[in-house]
Amino acid sequence: MIFNYTEVAVKQALPEVLKEYIKNHPGTCTCQRCQEDILALTLNQLPPHYVATDEGTIFTQVSFDQIGGKAQVIAAITRSIQQVAANPRHEK
Ligand SMILES: [Zn+2]
């Protein structure tokens, strides 16, 4: 199977980054649609990092070092949250 390791890492980091963001910005929408927009925007900012794995491999602990470090991932997610929160793609 081919995975985009960046996607695996972003999906893993997103909930905790969002949780932290909401602490400082209560009222931020976290519906499925907004989370998917955040995910898409983030993945467009970060270079993909494809890996081939055996069938059924599950990434339990993502190594952020492989994709440029966790700080970069968190910064990209935060930018995306701000962008989506400022302009949600649905009625408020
Ligand atoms: Zn929403």
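Start with helix H2 and its buried side: these residues pack against helix H1 (5-24) and H3. The model is a predicted one. To see the residues in question, select Cys34, Asp37, Ile38, Leu39 and Thr42, which are the buried residues of H2. Helix H2 covers residues 32-45.

**The zinc site**

Next, select the zinc ion together with Cys29, Cys31, Cys34 and His90. The cysteines donate through SG and the histidine through NE2, at 2.1 to 2.3 Å from the zinc ion. Along the chain these donors are spaced C-x1-C-x2-C-x55-H. Cysteine 34 sits in H2 and histidine 90 in the segment after H3, so the pair ties together parts that are 56 residues apart in sequence.

What arrangement do the four donor atoms make around the zinc ion? The angles they subtend run from 92 to 119°, which makes the arrangement tetrahedral. For reference, the ideal angle for four tetrahedral donors is 109.5 degrees.

Histidine 90, with a relative accessible area of 28%, is partly exposed.

**Serine 80**

Move to helix H3, residues 70-86, and select serine 80 there. Is serine 80 buried or exposed? Its relative accessibility is 0%, so serine 80 counts as buried. Which side chain does the side chain of serine 80 meet in a polar contact? It is that of glutamine 45, at 2.8 Å. Leaving aside residues up to four places away in sequence, serine 80 touches Ile38, Leu41, Thr42 and Gln45. Two of these names, Ile38 and Thr42, were also in the selection of buried H2 residues.

**The nonpolar core**

Finally, select Ile38, Val73, Ile77 and Ile81. Within the largest nonpolar core, which has 23 residues, these four touch the most other members. Helices H1, H2 and H3 each supply at least two residues of this core, and the largest share, nine residues, comes from H1. In soluble globular proteins, nonpolar side chains tend to be buried together.

Centre the view on valine 73 to end the tour. Not counting residues up to four places away in sequence, valine 73 touches Val10, Ala13, Leu46, Phe64 and Ile67.

How values were computed:
Residues numbered from 1 in each chain as written. Predicted model: local features only at pLDDT ≥ 70, side-chain atom pairs only at ≥ 80, totals over all residues. Heavy atoms only, no water. Helix = DSSP H or I, 4+ residues; strand = E, 2+ residues; numbered from the N terminus. Buried < 20%, exposed > 50% of the residue type's maximum accessible area, 1.4 Å probe, protein only. Polar contact = N/O pair within 3.5 Å; in protein donor to acceptor, adjacent residues only side chain to side chain. Contact = heavy atoms within 4.5 Å. Donors = N, O, S within 2.8 Å, 3.2 Å for Na, K, Ca; no water. Tetrahedral: all angles 85-135°; square planar, octahedral: opposite > 155°, others 65-115°. Core = buried A, V, L, I, M, F, W, Y, C linked by side-chain atoms within 4.5 Å.
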